Amino acid sequence: MRTLCTVACLTLLVMACADRADGPGLTQIDPGKKLIEWGWDEPSPAFMRANAKRMDRMGFDGVIFHAEAIRDGKPINFAWNCWSGQRFEVEQLAHGIADLQACEFTHMTDNFLRFNVCPGDVDWFDDDAFATVTHNAAVGARVARDGGCKGFMFDVEMYNNKLFHYPSQAQAEDKSFADYEAKVRQRGREFIESINRQYPDITILLTFGYSITGVGGDRTKASYGLLKNFLDGMFEAAADGTVIV
């Protein structure tokens with residue numbers, strides 16, 4: 001069944017104070033929880049392949065990484081360009097899949113591909129443009145699945161355009177907040193359905209969830225007011241076996 005989990009630990013420097021082994025001053029990690037590393041040192045699949053044995057000894061259960069697509073001989077960071085009208089294909093990321101498949105991990109079994117809402121310049125009401133976003137989501141799901149990864153780290157922070165802020169929407173003067181709520185909810189369903197067609201039992205980590213959407217207040221003005229509707233759509237349509245953390 002579809003599952004909502006509370007994140008056990010999303011960390012930058014937790015290893016400074018936590019360890020699995022017994023010892024003075026060390027915090028024990030529940031064996032049922034996972035310790036996932038994410039920081040400015042976010043690796044690529046090529047780095048993971050070259051350093052797998054060393055990374056495997058650091059005590060983490062997995063890492064959040066980014067993938068690079070190759071287009072016209074040049075690398076493009078997939079995470080920072082996937083939420084746009086720019087269409088990616090699995091073949092452009094095949095080298096990353098090969099690197100992931102070649103990683104010799106024994107302990108780091110829960111690795112997550114980063115997927116951002118960036119640049120976030122797609123109008124929610126533009127069917128063709130959003131079809132490209134869902135296509136890219138399916139491509140990312142293929143990379144994660146074929147690379148033996150647990151799933152996505154879905155970073156919903158609006159680093160570029162204000163995707164979830166109603167007053168910033170292109171058609172805010174012509175369409176009501178209710179109109180946008182319905183459309184964004186639809187897009188949430190389309191997004192997860194596209195992912196699930198490639199990876200039905202994916203695990204998706206969220207950087208932020210319902211707590212920042214302004215629930216209980218005036219969501220028409222909240223920075224992430226429409227995120228609630230997108231998440232609602234994801235939960236409605238997620239396949240059995242999908243886990244959202």
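This is a predicted model: local features need pLDDT of at least 70, side-chain atom pairs count only at pLDDT 80 or more; totals for chains, interfaces and linings use all residues.

1. Let's start with α4, which runs over residues 177-198. The helix has 22 residues and spans 32 Å from its first C-alpha to its last, close to the 32 Å expected at 1.5 Å a residue.

2. Which residues of α4 are buried? They are Phe177, Tyr180, Lys183, Val184, Arg187, Gly188, Phe191, Ile192, Ser194, Ile195 and Asn196. As a reminder, an α-helix has 3.6 residues a turn, so residues three or four places apart point the same way. The cover over the buried residues of α4 includes strands β7 (112-116), β8 (151-155) and β9 (203-206), along with helices α3 (127-146) and α5 (227-237).

3. Now for α4 against α5. Their axes are 7 Å apart and the packing angle is about 45 degrees, which makes α4 oblique to α5. The crossing of α4 past α5 is right-handed. On the α4 side, the contact is made by Glu181, Val184, Arg185, Arg187, Gly188, Arg189, Phe191, Ile192, Glu193 and Asn196. From α5 come Asn229, Phe230, Asp232, Gly233, Met234, Glu236 and Ala237. Sorted by class, the contact of α4 with α5 has seven charged, six nonpolar and four polar residues.

4. The other pair to look at is α2 (residues 94-102) with α3. Their axes come within 8 Å and cross at roughly 25 degrees. With angles under 35 degrees counted as roughly parallel, α2 and α3 are therefore roughly parallel to each other. Here too, α2 passes α3 in a right-handed crossing. Ile97, Leu100 and Gln101 of α2 meet Arg142, Val143 and Asp146 of α3. The residues of this contact of α2 with α3 split into three nonpolar, two charged and one polar.

5. Last, Asp72. Its phi is near 55 degrees, a positive value in a residue other than glycine. Asp72 lies in the loop between β5 (68-71) and β6 (74-77). Is Asp72 buried or exposed? With a relative accessibility of 75%, Asp72 counts as exposed, the cut-off for that being over 50%.

Methods:
Residues are numbered from 1 along each chain as its sequence is written. Side-chain values use heavy atoms; hydrogens and water are left out. Helices (H or I, at least four residues) and strands (E, at least two) are DSSP runs, numbered from the N terminus. The expected span of a helix is 1.5 Å times one less than its number of residues. Buried means under 20% relative accessible area, exposed over 50%, partly exposed in between (1.4 Å probe, protein chains only). Contact means heavy atoms within 4.5 Å. Axes are lines fitted to C-alpha atoms, for helices over the stretch in contact, and angles run from 0 to 180 degrees between N-to-C directions. Angles under 35 degrees count as roughly parallel, over 145 as roughly antiparallel, 65 to 115 as roughly perpendicular and the rest as oblique. A crossing is left-handed if the near helix is turned anticlockwise from the far one by less than a right angle, and right-handed if clockwise. Ala, Val, Leu, Ile, Met, Phe, Trp, Tyr, Cys and Pro count as nonpolar, Asp, Glu, Lys and Arg as charged, and the others, Gly among them, as polar.
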